[in-house]
Amino acid sequence: LGTSGCDCPSRIEFDKKRFPDGSQLVATATPRCGILCRSKEISAMLYHLAPYLETVWGPFRLLRSHVLLAAAGTLLAAFAVVFLLPRLWRFSPHDHGKAILGRDGMASVGKPTGTGLWVTLILLPIVLLVVPLSVPALGMIFCLYVAMAFGYLDDRAAVPWGQLRKGLLDAVVCLGVALFVWAALEGRVWLPFVKGEWTIPWWAYVPTMGFLLFVVMNATNCSDGVDGLAGSLTVISLVALAVFLYGLIGYRPMADYLLVPHNYLAVRWSVLLMTVSGGFAGYLWWNAEPSKALMGDAGSRFLGLLLGAGVLVTGNPLLLFAFAPVVLVNGGGGLVKILLLRFFRKCGLDVRPPSMLEPEERARRNPLVKAVQSIRFPLHDHCKKELKWSNAQVLMRFVLVQAFLMPIILILLVKIR
């Protein structure tokens with residue numbers, strides 16, 4: 001049955017036709033997917049060149065191997081960024097520092113910032129070369145670059161954009177990514193601890209998952225306050241997520257064993273995640289303390305949005321707690337703190353900062369309010385100010401915690417069914 005190169009479910013139409021040897025029943029397959037086909041590839045030069053190159057030399061058929069494409073994309077991206085980034089960051093704006101953070105906040109003054117722009121632009125031709133992209137995946141990548149552009153313009157602005165302006169632009173981009181992921185998965189989700197799969201309509205899926213993407217993107221952005229921290233945490237998460245998509249969601253025997261829905265398209269997304277991981281690993285070569293360049297909002301927003309989208313592609317949005325536990329606590333904990341303080345205020349409690357209270361008022365303050373206000377966010381600021389950790393200690397300990405937590409939470413959410 002011909003499906004015009006599409007692997008999506010098709011509508012089968014039967015028709016009787018007469019041939020010289022008698023009447024025959026002919027079936028024609030028409031894909032149901034329409035323009036947002038979730039499987040038809042429209043790029044990946046190497047993937048499509050493989051059948052032609054194979055006639056010249058047999059081993060060229062390996063260019064259709066997703067493992068080889070992922071390895072090639074990772075290495076090409078890493079070496080390209082390491083080589084080209086120092087030649088491009090001189091065109092970037094320079095960081096003004098953050099006086100509110102004291103000496104550490106002013107250590108970044110004069111360093112090129114917004115270099116996430118150059119990293120993502122270097123990545124673009126490599127992604128088109130090695131990643132087999134469908135229409136939804138291409139739409140998602142477009143949204144990623146729009147988010148990167150918004151972040152870069154904010155980095156470059158003489159006066160930083162207001163919270164409302166940034167929030168609205170982030171929300172639009174997140175809703176766009178959620179829509180394209182819904183089209184790729186046809187709205188199907190699965191949850192921890194229970195078997196089965198559910199289909200969610202777009203009007204419920206897009207705003208819910210858009211909010212989740214908004215949270216993880218801004219949590220990643222808030223984590224970008226120590227040299228190498230946000231980049232290291234997200235690269236670890238992206239590599240683990242790529243392995244999960246390839247070896248579990250995209251591999252039917254393993255998916256059937258763990259009673260999770262199989263999606264053969266997941267292997268293509270794993271190639272994209274590995275390629276981007278390679279590019280930002282190249283950036284970390286120059287961002288290691290003492291850093292020579294900063295990715296700024298342009299890079300952190302791109303990474304956070306990609307991480308959230310990759311989790312949604314697994315079909316289980318709650319896996320975000322497995323793949324980004326430290327990022328969510330470090331960057332997203334501030335949102336929880338704000339919500340708690342507002343709730344306490346509604347309950348009639350005094351939530352003013354300790355610096356605004358008299359000694360007698362501090363002594364009478366509610367212990368819950370005191371406990372919440374005693375923790376700084378992002379959490380890496382608390383560790384530096386209160387625990388006296390150095391930047392190197394913050395980086396190493398946060399990475400170790402994430403490396404240990406990821407497999408434990410993942411086993412709990414996937415193995416227990």
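Residues are numbered from 1 along each chain as its sequence is written. Because the model is predicted, local features need pLDDT of at least 70 and side-chain atom pairs count only at pLDDT 80 or more, while totals for chains, interfaces and linings use all residues, and side-chain values use heavy atoms, with hydrogens and water left out.

The mean pLDDT (the predictor's confidence in each residue, from 0 to 100) is 86, and 86% of the residues reach 70 or more. Over residues 1-5 the pLDDT falls below 50, and this stretch has 9 contacts (heavy atoms within 4.5 Å) beyond near neighbours in sequence. Of the 417 residues, 48% are buried, that is, under 20% relative accessible area with a 1.4 Å probe and protein chains only.

The protein has 17 helices and 4 strands, taken as DSSP runs (H or I, at least four residues, for helices; E, at least two, for strands) and numbered from the N terminus.

Where do α8 and α10 meet? Residues of α8 in the contact include V235, L238 and L245, and those of α10 include W269, L273 and F280. By class, this contact has 17 nonpolar (Ala, Val, Leu, Ile, Met, Phe, Trp, Tyr, Cys and Pro), 4 polar and no charged residues (Asp, Glu, Lys and Arg count as charged, the others, Gly among them, as polar).

Methods: Buried < 20%, exposed > 50% of the residue type's maximum accessible area, 1.4 Å probe, protein only.
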